[in-house]
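Hi,

Here is the structure I promised to pass on. Have a look at it first, and then read my notes below.

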Amino acid sequence: MGRFHPHGADHDHPHPDHDHPDDARPDHSGYGTATERIEVLERILGENERAAAANRAAFDAAGVTVVNLMSGPGAGKTTLLVETLRRLAPRWRVGVIEGDIETSLDADRLAGLAAAVCLVNTGKGFGGECHLDAPMIASALPRLPLADLDLVIIENVGNLVCPAEFTVGEDRRVMIYSVTEGEEKPLKYPLMFRAVDLVLVNKTDLLPYLDFDLPAFRRNLDAVHPGVDAQMLSARSGDGVDAWCEWLSHAVHPGPRVGRVAGAA
Amino acid sequence: MHELSLCRSVADVVCRHAAGRRVVRVRLRIGALRQVVPDTLTSCWRLLQDDRPPPRSPTGSVPAGSVLAGSVLEVESVPAVVRCRACGAERELDHPVLRCAGCGGADVLLISGEEFLIVSMDVADAAADGPGMAKEQAEV
């Protein structure tokens, strides 16, 4: 009980518990039954987008490039991140924002790789969110030496739906798809496959043991996101990881952002 | 799957516009490519209604329930429509496959389907003898 119970003109149910004096507000709220219409015309995720723009301004001011790495659970984000940090740490100063609903297991795996790692457990104070949103990233920024970094990689929560909706102020969005997931995934999760600049096709070392139909996957990918870049790799064997790091190094623009298009402007 | 997160975002915007007034109805416009299930969205809306603060009462009494309690979420679904740059055909998509149903071409322009908007909302009018809600605050 305690729910608002508007007694409007369509009074089609009895009220044995109380009467309504003619002059009383029937819902006891002090409000009349007349309503006022408010034109809102705001994007549903407008609040998040505003926070993302503020993050973007902070990234731009620090001259750091930010890549949001997304995938379903178990596609190999953390393993690829370990291999990526091994290769990039000598060249770039890298920070990682590690998103997880619970535990620091993934962040622990990145210890000792010469990267500044910052963990965001979305289960604490964020209501167990299944994605990182812009305010969560904002809360992590004071814990990263942003001005000293060239690149920040955000490892999003493993989920093929929600992270695609919530921009966080990143420069690039990348997803990891693994060949164990089935060729039809782009058709089932078009939101994610459409949201990214690059699709990494991981676990190619398993191809000899699977019936994976790569051309069918590429067709499905093109159907939802025509022409999107895709790179094959195996984080486990290391095949293709150098090419991915090369892609990343093109994305990184060290130093101040002169002439860059800033969404936060 | 992401409907609860979306409802929270909707609630934030709606509560800001309501500025303490009781919300009766909220109208959304959502494109087919957003992968939102309207029924799930309305269930999630009911779930989170009680998590919001109660409305400000013009009579000074403390009303039961939150500003959103009992409010109705209406979802206007917008179909995904593409226009083919090759043959000029304009078609509604049944699947999220960006291809022309006429000639099969992949060079298509998305006309609609990515809408994600809070269009309008109805709030209960404050009683005439109340202090009056700060309407200008609601227009921010």
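Let's start with the aromatic rings: Tyr177(A), Phe193(A), Phe212(A) and Phe217(A) are joined by ring pairs into a cluster. Before going on, a word on the ground rules: this is a predicted model, where local features need pLDDT of at least 70, side-chain atom pairs count only at pLDDT 80 or more, and totals for chains, interfaces and linings use all residues. Residues are numbered from 1 along each chain as its sequence is written, chains are lettered from A and ligands numbered from 1 in the order in which they are written, and side-chain values use heavy atoms, leaving out hydrogens and water.

What makes a ring pair? Rings of Phe, Tyr and Trp (its six-membered ring) pair if their centres lie within 6.5 Å; planes under 30 degrees apart are stacked, over 60 edge-to-face, and the rest tilted. That rule gives six aromatic pairs over all chains. Phe193(A) and Phe217(A) are edge-to-face, because their planes sit at 70° with the centres 6.4 Å apart. This pair links distant parts of the chain, 24 residues apart: Phe193(A) is in helix H7 (residues 190-195) of chain A and Phe217(A) in helix H8 (residues 214-224) of chain A. (Helices, H or I with at least four residues, and strands, E with at least two, are DSSP runs numbered from the N terminus.)

Now for the charged side chains. Side chains of opposite charge can pair when their charged atoms come close. A salt bridge needs a side-chain nitrogen of Lys or Arg within 4 Å of a carboxyl oxygen of Asp or Glu, and the whole structure has 26 of them over all chains.

One of them joins Arg50(A) to Glu47(A), with the closest N and O atoms 3.7 Å apart. Both lie in helix H1 (residues 46-62) of chain A, three residues apart, about one turn of the helix. Arg50(A) is partly exposed at 47%, as is Glu47(A) at 29%. Together with Glu42(A) and Arg16(B), these two residues are linked in a network of salt bridges.

Glu170(A) and Arg173(A) also form a salt bridge, at 2.9 Å from N to O, and both are buried.

Cheers

Conventions
Buried means under 20% relative accessible area, exposed over 50%, partly exposed in between (1.4 Å probe, protein chains only).
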